[in-house]
Amino acid sequence: MTFDFDTPVDRAGTWSTRWERHAGRDVIPLWVADTDFRAAPAVLEALSRRIEHGVFGYSTPPPELRAAIAQRMERLYRWRIDPGWVVFLPGVVPGLHLAARKLVPSEGHVLIPRPVYHHFKRAMELAPRAFTEVPLVLQEGRWVLDLDAFKKAATSKTRAAFLCNPQNPGGTVFRRKELERIAELTRDCVIVSDEIHCDLILEKALQHVPIASLAPEISRRTVTLMSANKSFNIPAAGCGWAIIEDPDLRAAFSSDVGAHVVGSPSVFGLAATLAALQHGEPWLAAQLDYLRGNRDLLEKTIDFPMAHVEATYLAWIDCSSLEDAAELFLKKGVAVYPGTQFGEPGFIRLNFGTQRSRLQEALKRIRSASTPSPRG
């Protein structure tokens, strides 16, 4: 079966966060992290069946979805989990906020990476919980945690470490040895690992490793946050989950989940996710091939320094040679996220999960915006 990722999809008037901000303007929006691809046929068919049924009452996550998640963890990562460890959420972001509020005492301290998806920091600020940002450093073309800084940042009050694997916005797939070292440095802490991009591994020689899968003793103190939302472009359907082995940790985390503070996934999120996990693999593989092509085009064309993107459809680009690159590019008709959103002014994050012709036009506009200094 072949899948069409090249035909542009008109998202005007569909309440798209990415597209509505610049509605009516000649702007290519490459900022928010969703793609411009229609969902997998299996997902569309499952949603159509729910629509045809016509009743959309309160819904309970089906046992077959728990089983599909457990089967996927074992098949892809040789990680055996009990389906009962799964806590369903409307998305991964609520999981970050729940973990900050429910798993870290009010006087506790947290380690988070920088740069990183902005809800890591926001979760700490709103909880509120004291935190230290541990910088990522560029080593051999990869953004990795500065483990010396990581070790020094821990205090007697440090109770949790938050990880983003694969790394957003750096595009890094953390290796097993790197994860083992992180686990060793946090052996007295809860680990909260955002692994929403785990299916979007662009390097064929690499494989995602859930940090909880390293060893039973690590699993027992880890909250693993996942979702099909990024991989299958269904974030508006609304479904994510946490995998938490320890029953006390799971009870503390999930005390506000369900009919209380944090709602359950929508019936559409449940149906879409089940279909994606059970029948979406051929579409996912084809999408990965297409994204590899987009990544290669971007890395070959862009005139600014950037690390090789090992995973995700997000590029972290050093535009420090320009003053306010995001605003400059917007004036030329390309919207990107400024690096300040992730704690690093001077960079931008560009979403290349779009049709190749649209990406080519965006890169042409970016090139016309300035003449940066040569790579060195």
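Here are a few questions and answers about strands and helices in this predicted model.

Reader: Is strand S13 mostly buried or exposed, and how many of its residues are buried?
Author: Start with the two faces of S13. On one side sit Phe-347, Arg-349 and Asn-351, and on the other Ile-348 and Leu-350, with every one of them buried. Side chains in a regular strand alternate between the two faces of the sheet. The rest of the structure largely encloses S13, because the number of its residues that are buried is five of the five.

Reader: Which residue of S13 is the bridge partner of Ala-315?
Author: Strand S10, residues 314–318, runs antiparallel to S13, and five bridges join the two. Look along that pairing for Ala-315, and its partner in S13 turns out to be Leu-350.

Reader: Which strands are at the edges of the eight-stranded open sheet?
Author: The order across this sheet is S2-S9-S8-S7-S6-S3-S4-S5, with mixed pairing. An edge strand here pairs on one side only, and that picks out S2 (86–89) and S5 (142–145).

Reader: What angle does the direction of helix H7 make with that of S5?
Author: Helix H7 spans residues 176–185 and packs on the sheet. The strands touched by H7 are S5, S6 and S7.

Technical notes
Residues numbered from 1 in each chain as written. Predicted model: local features only at pLDDT ≥ 70, side-chain atom pairs only at ≥ 80, totals over all residues. Heavy atoms only, no water. Buried < 20%, exposed > 50% of the residue type's maximum accessible area, 1.4 Å probe, protein only. Helix = DSSP H or I, 4+ residues; strand = E, 2+ residues; numbered from the N terminus. Pairing = 2+ DSSP bridges. Contact = heavy atoms within 4.5 Å. Axes fitted to C-alpha atoms, helices over the stretch in contact; angles between N-to-C directions.
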